[in-house]
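Please look over the sequence and the model before reading on.

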Amino acid sequence: MPASLSLRARFNVLFSGMRFSHLTVGRRFPANRYTERSMSFELVCFESSCRQRFPIADTIYACPVCGGLLEVSAPRDLADPSALKAVWRNRRLSNDPIDRSGVWRYREFLPFENQLHHVITLREGDTPILDAPRAAEYGGLRKIAFKHQGYNPTGSFKDNGMTCGATQARRLGMTRVACVSTGNTSASMAAYASAAGLDPVVFLPHGNISYGKLAQALEYGARTLQVEANFDQILALVRALAERLGIYLLNSINPFRIEGQKTIVIEMLDQRDWNPPDWIVLPGGNLGNVSAFGKALRELRDLGFIHKMPRLAVVQAEGAAPFYDFVQAGGTFHSVAHPETLATAIKIGDPVSWPKALREIQASNGIVGKVSEQEIADAKAIAGRCGIGCEPASAATLAGIRKFTSAHQIDRDDDVVAVLTGNVLKDPDYIYRYHTGQLESPAGGLIHSTFGNRPVVVPNNPDEIARLLG
């Protein structure tokens with residue numbers, strides 16, 4: 001499929017001839033059915049020229065009218081912000097599993113009214129905000145805080161979205177779920193699907209996945225299919241298979257995943273006593289987090305929970321930076337046919353959520369950057385020296401901050417929260433090769449171990465070891 005095709009055209013090609021449960025494809029609903037704003041949650045077409053509305057329990061991933069992305073529309077009759085903030089804070093004292101979850105604690109913002117009996121939780125969320133003075137200095141800031149999503153049950157931010165995706169699958173009566181993944185999504189989906197009694201199927205690019213992440217999917221019982229294609233090609237394949245085989249797709253195209261990921265920002269602000277930072281910096285791969293964060297911030301602002309909108313800063317790897325290129329050049333969005341980066345979690349050349357991400361960057365007056373493999377590797381090592389380990393994709397945030405401050409796009413005194421998306425043990429081979437001077441870029445060049453920490457072989461001799469340590 002030509003990379004220059006518009007998003008809508010690509011959706012129409014992919015979904016042509018496919019059936020949709022509960023819907024008649026191509027038929028516009030009567031104006032008085034779903035065109036008026038509901039007082040409840042609905043699915044809404046993202047395209048401004050369409051904006052068709054559908055019931056929250058329809059099994060669809062794209063608008064059957066125009067092919068656009070879908071998002072969840074929230075009601076505007078939530079409780080008073082002060083009262084709801086107090087409810088959320090009090091739930092921290094509860095031992096009810098749904099209250100202990102850092103996602104479901106904020107369930108008033110989630111589209112599961114009167115459906116909480118379907119909830120599947122592994123106590124996701126509750127991830128810390130950590131100060132990192134060395135990282136701040138390296139990034140050109142007086143202070144930095146890391147919101148570390150690697151503390152989730154399967155070690156990444158994907159759990160925040162997957163608990164909602166798996167819950168929706170149960171609400172729909174699905175028995176099989178699937179995802180395309182370079183790592184973190186597969187681990188998360190496998191865990192939540194198995195916990196929910198569902199059959200998980202993982203599709204992944206053959207030879208392009210961290211074994212630390214693949215091991216999780218295997219351990220959690222997922223049927224794993226390694227396809228000889230890249231991520232974007234496999235996603236098109238699986239979307240074509242989903243309806244035919246009765247599979248519920250749990251990639252970030254699923255709007256319920258995005259709803260769960262909203263709670264990362266809600267929890268962050270709760271932890272900061274509702275004082276928004278100046279910036280929230282995050283890595284950009286499929287851009288689901290960007291759209292989720294921006295959506296959460298707009299909803300919180302519009303409902304009176306926060307007094308200002310933080311600016312979003314998105315960082316991509318140089319070899320997989322189609323969103324950066326598009327924001328810089330404008331015009332037509334072009335995918336990267338063969339994305340390359342060792343930061344496998346953001347190794348995506350055709351991010352499905354780019355239109356939503358663009359809206360959130362514009363709405364927050366945000367910025368987009370890209371960083372090299374060397375910059376990612378060095379930033380990761382610096383984060384580690386703060387006692388804060390992370391996967392390579394996470395370190396793109398600190399590498400990006402260093403470039404943003406150097407270019408005076410972020411000021412030294414700005415209040416910055418950087419999101420670390422995954423646990424340090426997701427890519428242990430990467431860490432060892434960096435610190436021993438063996439890490440190579442996708443192009444084959446050696447990445448310099450600027451902050452290397454090579455292990456040393458010593459004799460079984462206390463005098464020699466004392467001399468070495470002296």
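## Helices α7 and α8

At what angle do helix α7 and helix α8 pack, and how far apart are their axes? Helix α7 (residues 184-195) and helix α8 (residues 211-219) pack at about 20°, with axes 8 Å apart. This is a predicted model: local features need pLDDT of at least 70, side-chain atom pairs need pLDDT 80 or more, and totals for chains, interfaces and linings use all residues. Residues are numbered from 1 along each chain as its sequence is written, and side-chain values use heavy atoms, with hydrogens and water left out.

Helices (H or I, at least four residues) and strands (E, at least two) are DSSP runs, numbered from the N terminus. Axes are lines fitted to C-alpha atoms, for helices over the stretch in contact, and angles run from 0 to 180 degrees between N-to-C directions. α7 and α8 are therefore roughly parallel. Angles under 35 degrees count as roughly parallel, over 145 as roughly antiparallel, 65 to 115 as roughly perpendicular and the rest as oblique. The crossing of α7 past α8 is left-handed, meaning that the near helix is turned anticlockwise from the far one by less than a right angle; clockwise would be right-handed.

On the α7 side, the contact is made by Asn-184, Ser-186, Ala-187 and Ala-190. α8 supplies Lys-213, Gln-216 and Ala-217. Contact means heavy atoms within 4.5 Å. By class, there are three nonpolar, three polar and one charged residues. Here Ala, Val, Leu, Ile, Met, Phe, Trp, Tyr, Cys and Pro count as nonpolar, Asp, Glu, Lys and Arg as charged, and the others, Gly among them, as polar.

## Helices α11 and α13

The axes of α11 and α13 come within 8 Å and cross at roughly 45°. These two helices are therefore oblique to each other. α11 passes α13 in a left-handed crossing. Val-290, Ser-291, Gly-294, Lys-295 and Arg-298 of α11 make the contact, together with Lys-356, Ala-357, Arg-359, Glu-360, Ile-361 and Ala-363 of α13. The classes are four nonpolar, two polar and five charged.

α13 is mostly covered, with seven of its 10 residues buried. Buried means under 20% relative accessible area, exposed over 50%, and partly exposed in between (1.4 Å probe, protein chains only). The buried residues of α13 are Trp-354, Pro-355, Lys-356, Ala-357, Leu-358, Glu-360 and Ile-361. Asn-365 follows α13 and has a positive phi, near 55°.

In helix α12 (residues 322-329), Pro-322, Phe-323, Tyr-324 and Phe-326 are buried. Their cover includes β11, α13 (354-363) and β12 (367-371). After α12 comes Gly-330, with a positive phi near 70°.

## Aromatic pairs

The structure holds 13 aromatic pairs. Rings of Phe, Tyr and Trp (its six-membered ring) pair if their centres lie within 6.5 Å; planes under 30 degrees apart count as stacked, over 60 as edge-to-face and the rest as tilted. The rings of Trp-274 and Phe-305 have centres 6.1 Å apart and planes at 50°, so the pair is tilted. Trp-274 lies in the loop between α10 (255-271) and β10 (279-283), and Phe-305 in the loop between α11 (288-302) and β11 (311-317), so the pair ties together parts 31 residues apart in sequence.

Trp-274 and Phe-305 are both buried. With Trp-88, Tyr-106 and Phe-109, they form one aromatic cluster.

## Arg-433

Arg-433 lies in helix α16 (residues 428-435). Arg-433 is partly exposed, at 24% relative accessible area. Not counting residues up to four places away in sequence, Arg-433 touches Gln-438, Leu-439 and Glu-440.
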